[in-house]
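The sequence and structure come next.

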Amino acid sequence: MNDKQLERGIHALYAQDPQQADWLVWGRKVDPTSRRGFLKKTGLLAMSAAVGAHIPFWEKMPGGLIPAALAASPEPFVIPGREGLRVLNDRPINAETPAHLLDDEVTPASRMFVRNNGIPPVEASVDPATWTLEVAGESCQTPMNFTIAELKARFAHRTYQLQIECGGNGRAEFNPPATGNQWSTGAVACPTFTGVRLRDVLEACGIKEDAVYVGYYGADTHLSGDPTKVVISRGVPMAKALRDETLIAWAMNGEDIPALNGHPLRLVAGGWPGSVSGKWLKKIVIRNQEHDGAKMTGHSYRVPCTPVAPGTEVPKENMCIIESMPVKSLVTFPKSGITHPQGEVLAVRGHAWAGDLEVAEVFVSIDFGATWQKATLRRPVNPIAWQHWQAELRLPEKGYFEVWARAVDSQGRSQPMVLPGWNPRGYLNNACHRIAVKAV
Ligand SMILES: Nc1nc2c(c(=O)[nH]1)N[C@H]1C(S)=C(S)[C@@H](COP(=O)(O)O)O[C@H]1N2
Ligand SMILES: [Mo]
């Protein structure tokens, strides 16, 4: 079976593994002896919201049962606690956040996109007290295991706001289309993460002279169910691994990392394709060669080393690993599609980010990029945090306008107004974000 056939809907999810489905959809745990489901309060609220009414007999509802109201409906479901996110795929779960819901300076968990390549560990089986992280690899002097309590006790804690963007964010625009989740603009977020520096942990184990790369392994399961298959195992070169902001994190916004985002432990190497920030982190390897784990090689998270014409078949050896992500921005207020009185001040705002770099300037346009007005831009709270911008515009007459935003990084590189270079897997679309506003 190929991956496409494995990516199916809610019915397939329930048919294959009702208990896993219950946990993913409702946070419902099943008592193995009675086969009865235990809904947490949040799960019950989500289920009630999904069926459109309170469920008086909810305590009697067996585990692993799709509510008939949903079973009959072809509508994609809502992830409990992430209302408003657009679910692109329910096996594996992938969901993105509409731009106007990313308006918070620090992204709350409820607005954090979800990008899963496989099936997350069943939350009931995740025990932070016994979870261990193994550090090994041919360039590790002394392989070691750490519990989360040991990590917390042994190393200095750091909290940084870090932006994570999926390498495929914006893929939906490419033509010819690229396979994979058809992300529009919402596979990006910037919460705070608390943990220890990856550097401190690697140094405690000893980094051999010949170390060039690190790789991660997580506790998720391959879509095929085959326990010997690795879902994803990516990594970064030593220089990125040793950066102050590269964390092994146990908290997001001061709370446990949400189950779908990697609880109880994840790697955060912000500013690079989100795929390097390994979730449900179990193992880190220090490598004496470029890491060659699952989705590190071939066409995954790589782009042609030199630009190609749309539709070109690019041989593997001409594909280069994506590192720091390109400059990009979002208009998070107002919501696209609003109406606004002509001539009156229209306040617009959003965020901008540029991988490992800082954003130097943001501009906005109401005439499809013919002229640009400079926005007010704040410095990042720490390196690799996104930056907030705002501007005041006036729409000169009645009619349809678009507000475009364009950011420029500290090395003078600007977002393109139209699609940047086509590539086989549809990565790195950093074209200007645009919203529609009707002046009345
Ligand atoms: N173990 C594991 N880690 C993972 C993934 C995964 O499927 N499994 N997906 C990666 C990808 S492609 C991205 S973009 C980010 C998404 O993080 P989020 O789901 O917390 O938003 O996690 C990365 N880490
Ligand atoms: Mo990703």
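## Ligand surroundings

A residue is near a molecule or strand if one of its heavy atoms lies within 4 Å of it. In this predicted model, local features need pLDDT of at least 70, side-chain atom pairs count only at pLDDT 80 or more, and totals for chains, interfaces and linings use all residues. Side-chain values use heavy atoms, with hydrogens and water left out.

Ligand 1 is surrounded by 19 residues. F113, N117, D220, R266 and K279 are the closest. The shell around ligand 1 consists of 8 nonpolar, 7 polar and 4 charged residues (Ala, Val, Leu, Ile, Met, Phe, Trp, Tyr, Cys and Pro count as nonpolar, Asp, Glu, Lys and Arg as charged, and the others, Gly among them, as polar).

## Polar contacts and burial

A polar contact here is a pair of N or O atoms within 3.5 Å. The side chain of R266 has an N or O atom 2.6 Å from an oxygen atom of ligand 1. For N117, a backbone N or O atom is 2.7 Å from an oxygen atom of the ligand. A nitrogen atom of ligand 1 lies 3.0 Å from a backbone N or O atom of S277. Alone, ligand 1 exposes 530 Å², and the protein buries 100% of that (Shrake-Rupley method, 1.4 Å probe).

## Strands

Strands are DSSP runs (E, at least two residues), numbered from the N terminus, and two of them pair if DSSP finds at least two bridges between them. An open sheet of 3 strands runs in the order β3-β4-β5 with antiparallel pairing. β3 (86–90) and β5 (114–115) are at the edges with a single partner strand each, so one side of each has no neighbour in the sheet.

β4 (residues 93–96) pairs with β5 in the antiparallel sense over 2 bridges. N94 is opposite R115 in β5.

Technical notes:
Residues are numbered from 1 along each chain as its sequence is written. Chains are lettered from A and ligands numbered from 1 in the order in which they are written. A polar contact is a pair of N or O atoms within 3.5 Å; within protein, one must be able to donate a hydrogen and the other to accept it, and residues adjacent in sequence count only if both atoms are side-chain atoms. Helices (H or I, at least four residues) and strands (E, at least two) are DSSP runs, numbered from the N terminus.
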